[in-house]
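Here's a quick briefing to read alongside the model. Take a look at the fold, then work through the points below.

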Amino acid sequence: MWLSRNAQSDKTSSKPPAVRPGTHTSFRALKQIEAGVLNVGYAEDGPADGPVVILLHGWSYDIHSYVDVAPLLASAGCHVLVPYLRGYGTTRFLSNETPRNGQQGALAADIIAFMDALKIEKATIAGYDWGARTANIVAALWPERCKAMVSVSGYLIGSQKLSEAPLPPKAELQCRIHEIHARFRPPDLGARLAEMGLRRRHFRSLRSGLRQSRPRRRLDPQLSLAARSGAGRAEI
């Protein structure tokens, strides 16, 4: 249910206004703040006394993933914060001596430090991809700081210990096939498939089955470009 501040007081509800993607190209305000081991760059929108919503981007995108979302939430009375994660945009390490660590727990600790720096006790934390996993970890380790969580696609919380154990052979085979799909197709694809004990026709039949099982949908223009014959796919 979408409730604006006025709608809440009147006990009436309304749907969020439609926003065409690409309507906005910049944020209302871009700021910097020292938080933990970082100087964090972030976008801010909405009233300072509104309920806080922190939006976390994924790899390899940035805060502009939310350039149309932030004003929508701000118009509903939310105080919206969209930080660049470590390694992105204007976010920088304060010291050259600090180890450059991209572990999942480090990104979650960054968000807690960011909230502390802004004196935010509790927030609704939303994200996708790496941002979704970061939101998951904040909710799991610091539940008292998380009013609500929205986790869209991407990764689950990973366990390095559990990852050491091999999967059953059939599952391992499927992972190898997925790896070929995800990476740029090498010129020696046939030879690599042969090394895995696969034949090209098996690869084609699997790909055909996946296409038939998926609903047809309009792709993002960048994805359409990557899907053209002979074009490589982005590497994960």
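Of the 236 residues in the protein chain, 33% are buried, where buried means under 20% relative accessible area with a 1.4 Å probe, counting protein chains only. Keep in mind that this is a predicted model: local features need pLDDT of at least 70, side-chain atom pairs count only at pLDDT 80 or more, and totals for chains, interfaces and linings use all residues. Residues are numbered from 1 along each chain as its sequence is written, and side-chain values use heavy atoms, with hydrogens and water left out.

**The whole chain**
- You'll find nine helices and seven strands in the protein chain; these are DSSP runs numbered from the N terminus, with helices being H or I of at least four residues and strands being E of at least two.

**Strand 3, tucked inside**
- Five of the five residues of strand 3 (residues 52-56) are buried, so the rest of the structure largely encloses this strand.
- Val52, Ile54 and Leu56 point one way, while Val53 and Leu55 point the other way.
- In a regular strand, side chains alternate between the two faces of the sheet.

**Strand 3 and its partners**
- Strand 3 pairs with strand 4 (residues 79-83) in the parallel sense over three bridges; to pair, two strands need at least two DSSP bridges between them.
- Valine 53 has valine 80 as its bridge partner in strand 4.
- Strand 6 (residues 123-128) also runs parallel to strand 3, joined by four bridges.
- Isoleucine 54 has isoleucine 125 as its bridge partner in strand 6.

Note on methods. Buried means under 20% relative accessible area, exposed over 50%, partly exposed in between (1.4 Å probe, protein chains only).
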